[in-house]
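I opened this entry to note what I looked up in the structure. I go through it one topic at a time.

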Amino acid sequence: MKNVLFQHGQVISIILQRLLQNPFASSLNIIVIGIALSLPIGGYVLLKNVQNLAHQLAGTPQISVFLATGTSPDEIARISKQLKEHSAIDRIEFVPRDLALKQLQVSTGLSDVVAGLTQNPLPDAFIIYPTALTSQQLELLRDDLKSWSKLEHVQLDSAWAHKLEALLKFGRLAVFILAALLSFALVAITFNTIRLQILTQREEIEVAKLIGATNGFIRRPFLYFGIIQGLFGGAAAWLIIAFSLLLLNISLSPLNQLYASSFSLQHLSINDSLTLLGFSTYLGWLGAWLSVSQHLWRIEPK
Amino acid sequence: MIRFNQVYKRYPGGYEALKNLSFEIAEGEMVFLTGHSGAGKSTLLKLIAAIERPTTGSVLVKGQNIKSLKSAALPYLRRNLGLVFQDHKLLFDRSAFDNVMLPLQICGFDHRESAKRVRAALDKVGLLKREKANPIALSGGEQQRLCIARAIVNRPTILLADEPTGNLDSEYSNEIMSIFHSFHQVGVTLLIATHDESALQHFPGRALTLKHGELL
Ligand SMILES: Nc1ncnc2c1ncn2[C@@H]1O[C@H](COP(=O)(O)OP(=O)(O)O)[C@@H](O)[C@H]1O
Ligand SMILES: [Mg+2]
């Protein structure tokens, strides 16, 4: 057992030496693989970030109802009662116009602007939390509320989130297609690298077969090469994305200051990073395996 | 140890290189295979090492029939054989030491034990001082001896040599034949193909002579 481990370790160290002997060619291959992988993975990272942002902003779907200016307290009480009795509404929250102004001041950081106002431009409002959640049901409720008197403006806040969701779906599909295509490219790169290696080591393979090497023994270094190249390629993709995010976050910081927000792009989670490395390693192995099974059996000693 | 039964070998293209060969080589025998160039000596050796398969008839090596041998079993047959090639088939991307190490790596030998065995094999052929040299820096005779060291490092029971002295002058040939003779003395079965009949006079051993693919 120790011996088997030693043999595998030896194969790996030979391959690392071989990579180091040819640093330019090896790193070129690894960088190409890294770039190929970083495109779909980068797309995935951006989508994840947009999705996070959307969730932060959207929360659960709400309907905001703004009352006509000058609606009397009696009328407000009547509307409030009617809303509470509505079957599609879970609960409501009344936001008096003074409170709305204060919230605006606090949450948006526009305190200077608000302080400069001579009168409150905001209407009284209700925030409605519906029981129904599908966009169709929400739109039905919105249309119903629109027909009520004294409700000047009805706004379905989740509408844009739904549009964003559709857009994200489209983005995910695009990333998926890109990932499939570039995975194929990665397999092809490894396939070809291994093919060239087999050709240049033809003599060694023949001799090894003549002195009793099993197919497994002959295959092993090529498979390990594919695995190591895939792993390094995945790591290169990770670094490329990390570096790009760093640049993007630096360019985001003036924007953040302007809006007093703290939004920054997040890199892959640990799980996603490990999946990336695992996947690129698998693709490297696959390319090597395909190449070896294509080319090795043709080499027979004479 | 080795047994041929009515063996025919026809190469693709139709040329019949071996015709109706039947013979047996016992364990520990030292046998010379002679005949003119093109007589079929190399073909015969290739049949024993399962590099080629017989067209008809049976070739038995240590009781195993080469014709029906599964390709997965092939490596294990070859580990019992030491092969010495006329063109050496040494690898020039590594040292003499590493060339001799290769068969042991293939068998998965313990590293420290292998190093000892490699040095013993190099010592046997008188190349211990050249272990770090690249084979390309060795003379023809030294390359042939290195090839022999690689063939015996695994302690095979059968040693096959295809014209091991083919390109060497007589001083070197005698040296190499003496090495083979010393293996014979420790019980290895040897089959040495040569078109140089003078070795037969200097060393004991039976001769098998081929002429146009037939045994005389
Ligand atoms: N792979 C091959 N395909 C076709 N003919 C071959 C092949 N190998 C050898 N031969 C022919 O078989 C005959 C015997 O060859 P070989 O066994 O190499 O003879 P020797 O080793 O005695 O010189 C020769 O005529 C040679 O041309
Ligand atoms: Mg020959």
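**Ligand 1 and its surroundings**

I started with B:Gly38, where a backbone N or O atom lies 2.6 Å from an oxygen atom of ligand 1. I keep in mind that this is a predicted model.

Next I checked side chains. An N or O atom in the side chain of B:Ser42 is 2.7 Å from an oxygen atom of ligand 1. For B:Tyr11, an N or O atom of the side chain is 3.4 Å from a nitrogen atom of the ligand. I then looked up the cover: ligand 1 has 550 Å² of accessible area on its own, and the protein covers 64% of that.

I listed the residues around ligand 1, which include B:Tyr15, B:His36, B:Lys41 and B:Thr43. By type, the shell divides into four nonpolar, six polar and one charged residue. Which element gives the largest share of this shell? I found that helix α1 (residues 41-48) of chain B does, with three residues.

**Helix α3 of chain B**

I turned to residues 96-107 of chain B, which form helix α3. Nine of its 12 residues are buried, so the helix is largely enclosed by the rest of the structure. I noted some of the buried ones, among them B:Phe97, B:Asn99, B:Met101 and B:Ile106. After α3(B) comes B:Gly108, and its phi is positive, near 75 degrees.

**Domains of chain A**

Last, I looked up the domain assignment of chain A. It gives domain 1 as 11-57 + 163-298 and domain 2 as 62-157. The centres of these two domains, taken over C-alpha atoms, are separated by 51 Å.

Notes
Residues are numbered from 1 along each chain as its sequence is written. Chains are lettered from A and ligands numbered from 1 in the order in which they are written. This is a predicted model: local features need pLDDT of at least 70, side-chain atom pairs count only at pLDDT 80 or more; totals for chains, interfaces and linings use all residues. Side-chain values use heavy atoms; hydrogens and water are left out. Buried means under 20% relative accessible area, exposed over 50%, partly exposed in between (1.4 Å probe, protein chains only). Helices (H or I, at least four residues) and strands (E, at least two) are DSSP runs, numbered from the N terminus. Domain bounds come from an automatic or database domain assignment. A residue is near a molecule or strand if one of its heavy atoms lies within 4 Å of it. A polar contact is a pair of N or O atoms within 3.5 Å; within protein, one must be able to donate a hydrogen and the other to accept it, and residues adjacent in sequence count only if both atoms are side-chain atoms. Accessible areas come from the Shrake-Rupley method with a 1.4 Å probe; for residues, only the protein chains shown count as cover. Ala, Val, Leu, Ile, Met, Phe, Trp, Tyr, Cys and Pro count as nonpolar, Asp, Glu, Lys and Arg as charged, and the others, Gly among them, as polar.
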